[in-house]
Amino acid sequence: GQTPNEFISTIRLKKAAILLKNNPELNISEISDMVGFNSSRYFSKCFKSVFGMAPLTFRKSNSAATDTSD
């Protein structure tokens, strides 16, 4: 039920979510570049529309869920 552009964008954003979870050494703009977004601001806007939170918030919530060294 998506246009081809929406489908490709969704695939890129899912890849970005994996990178955010597994690569804490990469910053948000590096990840947005890696998945094909020219603007990290636009990337953040698209990410928020799909996942309901900003990329940094997503990273923090996932690192808190997997961090058991507290």
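Before you click anything, here is a term for later: a nonpolar core is a set of buried Ala, Val, Leu, Ile, Met, Phe, Trp, Tyr and Cys residues joined through side-chain atoms within 4.5 Å. "Buried" means under 20% relative accessible area, "exposed" means over 50%, and "partly exposed" is in between (1.4 Å probe, protein chains only).

Also, know what you're looking at: this is a predicted model, where local features need pLDDT of at least 70 and side-chain atom pairs count only at pLDDT 80 or more, while totals for chains, interfaces and linings use all residues. Residues are numbered from 1 along each chain as its sequence is written, and side-chain values use heavy atoms, leaving out hydrogens and water.

**Stop 1: the whole chain**

Start with a cartoon view. (Helices, H or I with at least four residues, and strands, E with at least two, are DSSP runs numbered from the N terminus.) The C-alpha trace spans about 45 × 25 × 15 Å along its principal axes. Of the 70 residues, 27% count as buried.

**Stop 2: the core**

Now select Leu13, Leu20, Ile31, Val35, Phe37, Phe43 and Phe47: these have the most contacts inside the largest nonpolar core, which has 14 residues. Which helix gives the largest share of this core? That would be H1, with five residues. At least two residues each come from H1, helix H2 (28–34) and H3.

Stay here and zoom in on Val35. Leaving aside neighbours within four places in sequence, Val35 is in contact with Arg12, Lys15, Ala16, Leu19 and Phe43. Contact here means heavy atoms within 4.5 Å.

**Stop 3: where H1 meets H3**

Next, select residues 4–22 for H1 and 40–51 for H3; their axes are 10 Å apart and the packing angle is about 95°. Axes are lines fitted to C-alpha atoms, for helices over the stretch in contact, and angles run from 0 to 180 degrees between N-to-C directions. H1 and H3 are therefore roughly perpendicular to each other, a label for angles of 65 to 115 degrees (under 35 is roughly parallel, over 145 roughly antiparallel, and the rest oblique).

Show the side chains: Leu13, Lys14, Ala16, Ala17 and Leu20 in H1 meet Phe43, Cys46, Phe47, Val50 and Phe51 in H3. By class, that makes nine nonpolar, no polar and one charged residues. Ala, Val, Leu, Ile, Met, Phe, Trp, Tyr, Cys and Pro count as nonpolar, Asp, Glu, Lys and Arg as charged, and the others, Gly among them, as polar.

**Stop 4: Phe51**

Pick out Phe51, which sits in helix H3. Is Phe51 buried, exposed or partly exposed? It counts as partly exposed, at 27% relative accessibility. Not counting residues up to four places away in sequence, Phe51 touches Leu13, Lys14, Ala17 and Phe58.

**Stop 5**

Arg41 counts as exposed at 73% relative accessibility. Its C-alpha atom is 8.5 Å from that of Ser29, 12 residues away along the chain.

Last, go to Glu25, in the loop between H1 and H2. Glu25 is exposed too, with a relative accessible area of 58%. Label the distance from Glu25 to Ile11: 14 residues apart in sequence, and 22 Å apart in space, C-alpha to C-alpha.
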